[in-house]
Amino acid sequence: MKFRIGEKVVYPNQGVAVIRDLVSRKIGGTRGQYYVLEIQSQNSTVMVPEDNINAIGLRRISSKKELEELFEALRHGEYEMHSDWKRRYQQNAERMQNGTLSDIGEVVRGLFCLSQEKNLGLRDQKMMDSARQLIISEIAAVKDISEEEASELIDHLLQPPVSQE
């Protein structure tokens, strides 16, 4: 997969980044091509070897269709969470590392639903906050809205519908 300078991408566990350059560098005795990424949420720059983008999981930002699928999953999605916090954490960490929008959405939906049943432990809360921030940054980038608006949208989607009796 090739990316263009100026293109928005998602760097797993870091969020939305912009490709700023493609440079040739000699690092560790080996010359290679590196994408220079500006990670927007962290206001930082990283270099990613062009040969490793698939292994790292670097991907284009989601399409509007994929975003609509995420919204539907957040609104009505089923969730399956292990009752054992260690297994739940491992399962969610794997989903986060995978880095797909749907996997991260499952983490948010599952932990949100769990939080409605009981207080989340520190690790679960940190995982939910991290997953939520990743989704917020991607929604904001795709829809060209502020992160505050994206956060409000997620809050709205996660709330159960109000019955009209």
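Axes are lines fitted to C-alpha atoms, and angles run from 0 to 180 degrees between N-to-C directions. On this basis, in the predicted model, helix 5 (residues 122-143) runs at about 95 degrees to strand 2. Helix 5 lies across strand 1 (8-11), strand 2 and strand 5.

The sheet that contains these strands is open and consists of five strands in the order 4-3-2-1-5. Its pairing is antiparallel. Strand 4 (44-49) and strand 5 (59-60) form the edges, each pairing on one side only.

Within the sheet, strand 2 (residues 15-27) is paired with strand 3 (residues 30-39) through 10 bridges in the antiparallel sense. Arg25 has Gly32 of strand 3 as its bridge partner, and Lys26 has Arg31, also in strand 3. The two strands form a hairpin in which two residues separate strand 2 from strand 3. Gly28, in the turn of this hairpin, has a positive phi of about 60 degrees.

Strand 3 also pairs with strand 4, to which it is joined by six bridges. These two strands run antiparallel. Leu37 stands opposite Val46 of strand 4. The hairpin of strand 3 and strand 4 has four residues between the strands, and Asn43 in this hairpin takes a positive phi near 50 degrees.

Packing between helices was examined for helix 2 (residues 64-76) and helix 6 (residues 147-158), whose axes are 7 Å apart and meet at an angle of about 45 degrees. Helix 2 is therefore oblique to helix 6. On the side of helix 2 the contact is made by Phe71, Leu74 and Arg75, and on the side of helix 6 by Leu153, Ile154, Leu157 and Leu158. Of the residues in this contact, six are nonpolar and one is charged, while no polar residue takes part.

Side chains of opposite charge can pair when their charged atoms come close. The structure holds nine salt bridges, among them the pairs Arg60 with Glu7, Arg59 with Glu138 and Asp124 with Arg88.

In the pair of Arg60 and Glu7, the side chains meet at 2.6 Å, N to O. Arg60 counts as partly exposed because its relative accessibility is 33%. Glu7, with a relative accessible area of 10%, is buried.

The salt bridge between the side chains of Arg59 and Glu138 has an N to O distance of 2.8 Å. Since Arg59 lies in strand 5 and Glu138 in helix 5, this pair ties together parts that are 79 residues apart in sequence. Arg59 counts as buried at 14% relative accessibility. Glu138 is likewise buried, with a relative accessible area of 2%.

The side chains of Asp124 and Arg88 form a salt bridge at 2.7 Å, N to O. Asp124 lies in helix 5 and Arg88 in helix 3, so the pair ties together parts that are 36 residues apart in sequence. At 5% relative accessibility Asp124 counts as buried, and Arg88 is buried with a relative accessible area of 3%.

Apart from its neighbours within four places in sequence, Arg88 is in contact with Met81, His82, Ser83, Leu111, Leu114, Lys118 and Asp124. Asp124 in this list is the salt-bridge partner of Arg88.

A further residue of helix 5 is Ser137. Ser137 has a relative accessible area of 7% and is therefore buried, the cut-off being under 20%. When neighbours within four places in sequence are left aside, Ser137 is in contact with Gly15, Val16 and Glu147.

Terms used:
Residues numbered from 1 in each chain as written. Predicted model: local features only at pLDDT ≥ 70, side-chain atom pairs only at ≥ 80, totals over all residues. Heavy atoms only, no water. Parallel < 35°, antiparallel > 145°, perpendicular 65-115°, else oblique. Contact = heavy atoms within 4.5 Å. Nonpolar A, V, L, I, M, F, W, Y, C, P; charged D, E, K, R; others polar. Pairing = 2+ DSSP bridges. Salt bridge = Lys/Arg side-chain N within 4 Å of Asp/Glu carboxyl O. Buried < 20%, exposed > 50% of the residue type's maximum accessible area, 1.4 Å probe, protein only.
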